[in-house]
Amino acid sequence: MVQYEMYFTNEYTEEIISDLCNIMKLPYSDEKVNKAMSEKDIYSKDNLLIIQNEECFICTNCSNIEYIYPLIIRCPDALSEAVNQCMFIWDQQIRLEYCQEPSKGIPNVYGNDNTLLKYLEDVYQMRFL
């Protein structure tokens, strides 16, 4: 099992989620993505876009007051290379567009204590996995 996390700019939400759902064979729904992105209450759990099955997990907090969203992915090792590559390409594209320093990669944070997943679980006072 691996867990990858990154931040991305909200204008790419649909494309990034669609790409990752395709790789992980998760059901993608424009309606579900748009619902999370249109929630007005910044403290509502409805801001959370969670797509999962028995093996794979995608979560992003689509709070509409922010333009940068966190992205959390959990998937089996068999999908890790394709998922990591997809996330890295998007990360590099966004960094280039916003004139930021390129990253060296998207690290596997599975098993770490200080993760975005843990932070969101604390904020929303719920367990995702």
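Which residue forms a salt bridge with Lys118, and how far apart are the closest N and O atoms? Lys118 forms this salt bridge with Asp122, and their closest N and O atoms are 3.0 Å apart.

## About the model

This is a predicted model, in which local features need pLDDT of at least 70 and side-chain atom pairs count only at pLDDT 80 or more, whereas totals for chains, interfaces and linings use all residues. Residues are numbered from 1 along each chain as its sequence is written, and side-chain values use heavy atoms, with hydrogens and water left out.

## Salt bridges

Side chains of opposite charge can pair when their charged atoms come close. The structure holds 3 salt bridges, a term for a side-chain nitrogen of Lys or Arg within 4 Å of a carboxyl oxygen of Asp or Glu. Lys118 and Asp122 are 4 residues apart in helix α4, and are therefore separated by about one helical turn; helices here are DSSP runs (H or I, at least four residues) and strands are runs of E (at least two), numbered from the N terminus. Lys118 is partly exposed, with a relative accessible area of 36%, and Asp122 is partly exposed at 45%, where buried means under 20% relative accessible area, exposed over 50% and partly exposed in between (1.4 Å probe, protein chains only).

Arg95 and Asp91, which are 4 residues apart in helix α3 (residues 77–97), meet through their side chains in a salt bridge of 2.9 Å, N to O. Arg95 is partly exposed at 25% relative accessibility, whereas Asp91 is buried at 6%. Arg127 forms a salt bridge with Glu121, their closest N and O atoms being 2.9 Å apart; Arg127 is exposed at 62%, while Glu121 is buried at 7%.

## The buried side of α4

Helix α4 (residues 116–124) has as its buried residues Leu116, Leu117, Leu120, Glu121 and Tyr124. These residues cover an arc of only 140° around the axis, which puts them on the same side of α4, the arc being that of the directions from the helix axis to the C-beta atoms.

## Aromatic pairs

Rings of Phe, Tyr and Trp (its six-membered ring) pair if their centres lie within 6.5 Å, and planes under 30 degrees apart count as stacked, over 60 as edge-to-face and the rest as tilted. By this rule the count comes to 3 aromatic pairs. One of them is edge-to-face, formed by Phe8 and Tyr69 at 5.8 Å centre to centre, with 90° between the planes. This pair links distant parts of the chain, with Phe8 in strand β1 and Tyr69 in strand β4, 61 residues apart, and both residues are buried.
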